Amino acid sequence: MGDGTRDVDADRRLGRRALIVGGAVAAVGTAALAREELSRLWWRLPGVEKPRVAGAVDFRGARWIAASPANYRRADRPDDYAIDRVVVHVTQGGYASAVKAFEDPRHQAAAHYIVREDGQVTQMIRELDVAFHAGNRKYNERSVGIEHEGFVERRSSFTDAMYASSARLTAGICGRYGIPVDRDHVIGHVEVPGTDHTDPGPYWDWERYMGLVRRAGQARPR
């Protein structure tokens, strides 16, 4: 009886050792992954202290202008809050007025990004942090907010350059956090529960936009 128990225990130890060795081999294999893929996985690891560098952006080519700290909450996403949504907004005004509002601590709201009509992307809050943009605490915690310069009642606000640039931005966010590229996860502000906003409005071409996001995602390095 005693000898059998030792044999079983030995088998269990060998089994655990095989799992550990197998895991080590798999870990070594990940070294062959592309740098961008490793970066994406790193962002999702729990317990990793994300670096804070002044002026750093999460979207290559974005211009950094800091929002007032009163318009967002410092966090360490996606460690403390999983990110599974992108929320599309429209500023109902010009680019400069939106930047000014997000810099104003009295405004009490801001999105992570603003996309100008010419396609220029400005980041004002790190994706790590919870922006006050959706009017719903849970959605703020789980989403990245993208403002677009213009007016919901003007079809001309939504230019080719804006669509293309915003689609690349959204594709990058979805790839970074493993967000499905569909209308359940890329939504308008109007679709946030409890909101009284109507943006992006009737002239935002969702079919076109989602097609551009999917194509941009497929074009990203793997």
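Residues are numbered from 1 along each chain as its sequence is written, and side-chain values use heavy atoms, with hydrogens and water left out.

A look at confidence comes first. The average pLDDT (the predictor's confidence in each residue, from 0 to 100) is 85 for the protein, and 77% of the residues score at least 70. Over residues 1-30, pLDDT stays under 50, and the model has one contact beyond four places in sequence for this stretch; a contact here means heavy atoms within 4.5 Å. Where pLDDT is low, the predicted coordinates should not be read in detail.

Six helices and eight strands are found in the protein. Helices (H or I, at least four residues) and strands (E, at least two) are DSSP runs, numbered from the N terminus. In order from the N terminus, the elements run α-α-β-β-β-α-β-β-β-α-β-α-β-α. Of the 222 residues, 44% count as buried, where buried means under 20% relative accessible area, exposed means over 50%, and partly exposed lies in between (1.4 Å probe, protein chains only).

Back to the two helices of the opening. Helix 5 and helix 6 pack with their axes 8 Å apart and at an angle of about 50°; axes are lines fitted to C-alpha atoms, for helices over the stretch in contact, and angles run from 0 to 180 degrees between N-to-C directions. That makes helix 5 oblique to helix 6, since angles under 35 degrees count as roughly parallel, over 145 as roughly antiparallel, 65 to 115 as roughly perpendicular and the rest as oblique. Among the residues that meet are Tyr163, Ala167 and Arg168 in helix 5 and Tyr209, Leu212 and Ala216 in helix 6.

In soluble globular proteins, nonpolar side chains tend to be buried together. A nonpolar core is a set of buried Ala, Val, Leu, Ile, Met, Phe, Trp, Tyr and Cys residues joined through side-chain atoms within 4.5 Å. The largest such core has 30 residues, and Tyr113, Leu169, Ile173, Val186, Trp204 and Tyr209 have the most contacts inside it. Strand 3 (85-88), strand 4, strand 7 (143-148), helix 5 (160-177) and helix 6 (206-219) each give two or more residues to this core. Helix 5 provides the largest share, eight residues. Beyond four places in sequence, Leu169 touches Phe59, Tyr113, Val115, Val121 and Ile146. A second, separate core of twelve residues includes Ile65, Phe102, Ala110 and Met124.

The loops hold some details of their own. Ala111 sits in the loop between helix 3 (95-103) and strand 4 (113-115), and it counts as buried because its relative accessibility is 0%. Its contacts beyond four places in sequence include Phe102, Met124 and His133. In that loop between helix 3 and strand 4 also lies Gln108, which has a positive phi near 60° although it is a residue other than glycine. Gln108 is partly exposed, at 48% relative accessible area. Finally, a cis peptide bond with omega of about 0° joins Arg77 and Pro78, and another, with omega of about 10°, joins Asp199 and Pro200.

How values were computed:
This is a predicted model: local features need pLDDT of at least 70, side-chain atom pairs count only at pLDDT 80 or more; totals for chains, interfaces and linings use all residues.
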